[in-house]
Amino acid sequence: MNLSHIEHIGIAVKSLETAIPYYEEVLGLKCYNVEEVVEQKVKTAFFMVGQTKIELLESTDPEGPIGKFIAKKGEGVHHLAFAVKDLEGALVDAEGKGVQLIDKTPRGGAEGLSIAFLHPKSTMGVLTELCEDKNK
Ligand code: ZN
(Lines give C-alpha, C1' and ligand atoms only; values in the text may rest on other atoms or scores of the structure.)
Protein backbone atom coordinates (compact mmCIF):
# COMPACT_ATOMS: atom_id res chain seq x y z
CA MET A 1 0.00 0.00 0.00
CA ASN A 2 1.01 3.58 -0.54
CA LEU A 3 1.22 5.51 2.76
CA SER A 4 2.19 9.18 2.65
CA HIS A 5 2.39 10.18 6.33
CA ILE A 6 0.91 9.71 9.79
CA GLU A 7 -2.48 11.38 9.37
CA HIS A 8 -3.28 11.41 13.08
CA ILE A 9 -2.74 9.76 16.43
CA GLY A 10 -5.95 8.94 18.31
CA ILE A 11 -5.80 9.41 22.08
CA ALA A 12 -8.56 8.29 24.44
CA VAL A 13 -9.30 10.81 27.20
CA LYS A 14 -11.89 10.87 29.95
CA SER A 15 -12.71 14.52 29.40
CA LEU A 16 -11.98 16.90 26.52
CA GLU A 17 -12.55 19.75 28.94
CA THR A 18 -9.60 18.54 31.01
CA ALA A 19 -7.42 17.38 28.13
CA ILE A 20 -7.69 20.35 25.74
CA PRO A 21 -6.00 22.85 28.15
CA TYR A 22 -2.98 20.51 28.44
CA TYR A 23 -2.54 20.41 24.65
CA GLU A 24 -3.10 24.17 24.33
CA GLU A 25 -1.39 25.61 27.38
CA VAL A 26 1.45 23.14 27.94
CA LEU A 27 2.18 21.91 24.41
CA GLY A 28 1.16 25.19 22.78
CA LEU A 29 -1.09 23.63 20.12
CA LYS A 30 -4.40 25.09 19.00
CA CYS A 31 -7.61 23.08 19.03
CA TYR A 32 -9.08 23.87 15.60
CA ASN A 33 -12.09 21.57 15.56
CA VAL A 34 -14.39 19.76 17.99
CA GLU A 35 -16.77 17.30 16.39
CA GLU A 36 -19.13 14.61 17.63
CA VAL A 37 -19.14 11.33 15.68
CA VAL A 38 -22.51 9.97 16.78
CA GLU A 39 -22.13 6.47 15.31
CA GLN A 40 -18.80 5.99 17.12
CA LYS A 41 -20.19 7.43 20.39
CA VAL A 42 -17.34 9.92 20.69
CA LYS A 43 -16.60 13.61 20.79
CA THR A 44 -13.33 14.46 19.08
CA ALA A 45 -10.97 17.43 19.33
CA PHE A 46 -8.24 18.07 16.76
CA PHE A 47 -4.82 19.71 16.90
CA MET A 48 -2.29 20.04 14.08
CA VAL A 49 1.43 19.26 14.49
CA GLY A 50 3.21 19.64 11.15
CA GLN A 51 1.08 17.57 8.78
CA THR A 52 -0.02 15.22 11.55
CA LYS A 53 -3.08 15.68 13.72
CA ILE A 54 -3.68 14.72 17.31
CA GLU A 55 -7.25 13.43 17.68
CA LEU A 56 -8.53 13.39 21.25
CA LEU A 57 -11.45 11.02 21.79
CA GLU A 58 -13.93 11.41 24.63
CA SER A 59 -16.62 8.77 24.97
CA THR A 60 -20.26 9.85 24.98
CA ASP A 61 -21.42 6.37 26.07
CA PRO A 62 -19.75 3.82 28.39
CA GLU A 63 -20.79 1.07 25.93
CA GLY A 64 -19.08 2.77 22.96
CA PRO A 65 -15.61 1.72 21.73
CA ILE A 66 -13.75 4.50 23.60
CA GLY A 67 -15.83 4.01 26.76
CA LYS A 68 -14.89 0.33 26.78
CA PHE A 69 -11.25 1.07 25.99
CA ILE A 70 -10.92 3.49 28.93
CA ALA A 71 -12.69 1.09 31.29
CA LYS A 72 -10.22 -1.65 30.34
CA LYS A 73 -6.94 0.20 29.79
CA GLY A 74 -7.43 3.74 31.06
CA GLU A 75 -6.57 6.89 29.14
CA GLY A 76 -3.84 6.78 26.54
CA VAL A 77 -2.89 6.20 22.92
CA HIS A 78 -5.79 4.44 21.19
CA HIS A 79 -4.85 4.19 17.53
CA LEU A 80 -2.42 5.21 14.83
CA ALA A 81 -3.78 6.50 11.53
CA PHE A 82 -1.89 6.54 8.26
CA ALA A 83 -2.84 8.56 5.20
CA VAL A 84 -3.11 6.22 2.25
CA LYS A 85 -3.76 6.61 -1.45
CA ASP A 86 -6.42 4.17 -2.72
CA LEU A 87 -7.95 2.94 0.55
CA GLU A 88 -10.04 0.21 -1.15
CA GLY A 89 -6.93 -1.17 -2.82
CA ALA A 90 -4.99 -1.02 0.46
CA LEU A 91 -7.68 -3.08 2.23
CA VAL A 92 -7.68 -5.72 -0.50
CA ASP A 93 -3.88 -5.81 -0.31
CA ALA A 94 -3.82 -6.13 3.50
CA GLU A 95 -6.47 -8.84 3.55
CA GLY A 96 -4.60 -10.72 0.83
CA LYS A 97 -1.55 -10.69 3.10
CA GLY A 98 -3.52 -12.26 5.94
CA VAL A 99 -4.36 -9.13 7.96
CA GLN A 100 -7.68 -9.25 9.79
CA LEU A 101 -9.81 -6.22 8.90
CA ILE A 102 -12.28 -4.50 11.22
CA ASP A 103 -13.76 -2.63 8.24
CA LYS A 104 -13.88 -4.59 4.99
CA THR A 105 -14.96 -1.48 3.14
CA PRO A 106 -14.24 2.20 3.88
CA ARG A 107 -16.65 4.21 6.00
CA GLY A 108 -16.97 7.88 6.88
CA GLY A 109 -14.85 9.24 9.73
CA ALA A 110 -14.33 12.63 11.35
CA GLU A 111 -13.29 15.53 9.11
CA GLY A 112 -14.86 13.99 6.02
CA LEU A 113 -12.21 11.29 5.59
CA SER A 114 -12.80 7.77 4.33
CA ILE A 115 -11.43 5.42 6.97
CA ALA A 116 -11.00 1.72 7.79
CA PHE A 117 -9.41 -0.08 10.73
CA LEU A 118 -7.07 -3.07 10.76
CA HIS A 119 -7.47 -5.44 13.69
CA PRO A 120 -4.82 -5.10 16.44
CA LYS A 121 -4.49 -8.90 16.51
CA SER A 122 -2.85 -8.63 13.10
CA THR A 123 -0.77 -5.52 13.81
CA MET A 124 1.21 -6.41 16.94
CA GLY A 125 -1.31 -4.72 19.21
CA VAL A 126 -1.53 -1.35 17.47
CA LEU A 127 -5.07 -0.49 16.39
CA THR A 128 -4.29 0.86 12.90
CA GLU A 129 -6.49 3.16 10.88
CA LEU A 130 -6.05 3.90 7.20
CA CYS A 131 -7.51 7.18 5.96
CA GLU A 132 -8.02 8.63 2.54
CA ASP A 133 -8.92 12.24 1.91
CA LYS A 134 -10.96 12.02 -1.28
CA ASN A 135 -10.97 15.82 -1.56
CA LYS A 136 -7.22 15.87 -2.19
ZN1 ZN B 1 -8.76 8.10 14.04
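Of the 136 residues in this chain, 43% count as buried, where buried means under 20% relative accessible area, exposed over 50% and partly exposed in between, with a 1.4 Å probe and protein chains only. The model is predicted: local features need pLDDT of at least 70, side-chain atom pairs count only at pLDDT 80 or more, and totals for chains, interfaces and linings use all residues. Residues are numbered from 1 along each chain as its sequence is written, and side-chain values use heavy atoms, with hydrogens and water left out.

Start with the overall layout. The chain holds 3 helices and 8 strands. These are DSSP runs numbered from the N terminus: H or I over at least four residues for helices, E over at least two for strands. Along the sequence the order is β-α-β-β-β-α-β-α-β-β-β. The radius of gyration is 15 Å, close to the 14 Å that the globule rule gives for 136 residues, so the chain is as compact as a globular protein of that length. That radius is taken over C-alpha atoms, and the rule is 2.2 Å times the number of residues to the power 0.38. Along the principal axes, the C-alpha atoms fill a box of roughly 45 × 35 × 25 Å.

Next, contacts and surface. A contact means heavy atoms within 4.5 Å. Among contacts between residues at least 6 apart in sequence, 53% join residues at least 24 apart. The chain exposes about 7600 Å², and carbon and sulfur atoms supply 55% of that area. Accessible areas come from the Shrake-Rupley method with a 1.4 Å probe; for residues, only the protein chains shown count as cover. The chain carries 15 positive and 21 negative charges, and their mean positions are 5 Å apart. Lys and Arg count as positive, Asp and Glu as negative, while His and the chain ends are not counted. Each charge is placed at NZ of Lys, CZ of Arg, CG of Asp or CD of Glu.

Now go to strand 4. Isoleucine 54 sits in this strand. It is buried, with a relative accessible area of 12%. Beyond residues up to four places away in sequence, isoleucine 54 touches Ile9, Ile11, Tyr23, Ala45, Phe46, Phe47 and Val49. Isoleucine 115 is 61 residues from isoleucine 54 in sequence and 16 Å from it in space, C-alpha to C-alpha.

Serine 59 also belongs to strand 4, which spans residues 52–59. A polar atom of the serine 59 side chain lies 2.7 Å from the backbone oxygen of aspartate 61. The side chain of serine 59 also reaches the backbone nitrogen of glycine 67, at 3.3 Å. A polar contact is a pair of N or O atoms within 3.5 Å; within protein, one must be able to donate a hydrogen and the other to accept it, and residues adjacent in sequence count only if both atoms are side-chain atoms. Leaving out residues up to four places away in sequence, serine 59 touches Val13, Lys41, Val42, Ile66 and Gly67.

Helix 2 comes next. Phenylalanine 69 is found in this helix, residues 65–73. Its relative accessible area is 15%, so phenylalanine 69 is buried. Phenylalanine 69 and serine 59 are 10 residues apart in sequence and 9.4 Å apart in space, C-alpha to C-alpha. Not counting residues up to four places away, phenylalanine 69 touches Ala12, Gly74, Gly76, Val77 and His78.

Histidine 78 lies in strand 5, residues 76–85. At 14% relative accessibility, histidine 78 counts as buried. Apart from neighbours within four places in sequence, its contacts are Gly10, Ile11, Ala12, Leu57, Ile66, Phe69 and Leu127. Leucine 127 is 49 residues from histidine 78 in sequence and 6.9 Å from it in space, C-alpha to C-alpha. The side chains of histidine 78 and histidine 79 make a polar contact at 2.8 Å.

Two loops follow. Most residues other than glycine have a negative phi. Glutamate 111 has a positive phi, near 60 degrees. It lies in the loop between strand 6 (107–108) and strand 7 (114–118). At a relative accessible area of 25%, glutamate 111 is partly exposed. Methionine 124 also has a positive phi, near 55 degrees. Its place is the loop between strand 7 and strand 8 (128–132). Methionine 124 counts as exposed, at 75% relative accessibility.

End in strand 8, with glutamate 132. This glutamate 132 is buried, at a relative accessible area of 14%. Not counting residues up to four places away in sequence, glutamate 132 touches Val84, Lys85, Asp86, Leu87, Glu88, Leu113 and Ser114.
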